[in-house]
Amino acid sequence: MQRTVRFFGWRAFGAALLLAVAPFALGQQPAQAPAPAASVPASAAAPAVAPRMLRVFNRDILLMRAAPLGMLPEERVQRARDTLRARMELGGPLKVTSRTTPVGHAVLVDDALTFMIMDEDVPPLGEAKEEFVKATLARLQHALDEVREAHSLEAMLKAAGVAVIATAA
């Protein structure tokens, strides 16, 4: 058993040595390390980040453009959806508010952080940042109000009553 392990150990060492020496033996240059990042322009070094739209029940809420701490807009949208879904399952008034932070605006649903509107999410042309945040909060509140109404037993019974009266007349 020891003899077999020793044989395969030397065999693996020989194969690794052969792979390391082969480029020199064939007259080829070994692979060069990439150029330092300082020589690459900043625009070429940073990969393009694809913006993603946060939608709540087919309503556009916010186009997320920023990638804070490496979190891509796609990940931010998914986390916001998951948080909103959890808040809706808990029930409650689904009241949308915001708080200003050093990096943007925190959007809260029932005083629980749902997502952030980063400074980079605000369109470069158009309305001011505060107006943009207010419009985003209004869109989210409108969507959540409609979701609550669509899932409300009281609203469904009213609609059924109106439908019965309309068909009887």
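Predicted model: local features only at pLDDT ≥ 70, side-chain atom pairs only at ≥ 80, totals over all residues.
User: How far apart are the end C-alpha atoms of helix α3, and what span should its 18 residues have?

Analyst: Helix α3 covers residues 73–90, and at 1.5 Å a residue its 18 residues should span 26 Å. The model agrees with this expectation, because the end C-alpha atoms of α3 are apart by 26 Å.

User: Which residues of α3 are buried, and what arc do they cover around the axis?

Analyst: Buried here means under 20% relative accessible area, and in α3 this applies to Pro73, Arg76, Val77, Ala80, Leu84 and Arg87. They lie on the same side of α3, because around the axis they cover an arc of only 95°.

User: Which exposed residues does the face of α3 turned away from its buried side carry?

Analyst: The buried residues of α3 are covered by elements including β1, β2, β4, β5 and α4. The face turned away from that buried side carries exposed residues, namely Arg79, Glu89 and Leu90.

User: What is the order of the strands in the open sheet, and which are the edge strands?

Analyst: The open sheet has three strands with antiparallel pairing, in the order β3-β4-β5. Two of these strands each pair on one side only, and these edge strands are β3 and β5.

User: How many bridges pair β3 with β4, and through how many residues does the hairpin join them?

Analyst: Strand β3, residues 96–101, pairs with β4 in the antiparallel sense, and six bridges connect the two. Within this pairing, Arg99 has Ala106 of β4 as its bridge partner, while Thr97 stands opposite Leu108 in β4.

User: At about what angle does α3 run to β5?

Analyst: Helix α3 lies across two strands of the sheet, β4 and β5.

User: On which side of α4 are its buried residues, the same or opposite sides, and what arc do they cover?

Analyst: The buried residues of α4 are Phe132, Val133, Thr136, Leu137, Leu140, Gln141, Ala143, Leu144 and Val147. They are placed on the same side of α4, because the arc they cover around the axis is only 165°.

User: Which residues are exposed on the other side of α4?

Analyst: The buried residues of α4 pack against β1, β2, α3, β3, β4 and β5. On the other side of α4, the exposed residues are Lys134 and Glu149.

Terms used. Residues numbered from 1 in each chain as written. Heavy atoms only, no water. Helix = DSSP H or I, 4+ residues; strand = E, 2+ residues; numbered from the N terminus. Expected span 1.5 Å × (residues − 1). Buried < 20%, exposed > 50% of the residue type's maximum accessible area, 1.4 Å probe, protein only. Arc of directions from axis to C-beta. Contact = heavy atoms within 4.5 Å. Pairing = 2+ DSSP bridges. Axes fitted to C-alpha atoms, helices over the stretch in contact; angles between N-to-C directions.
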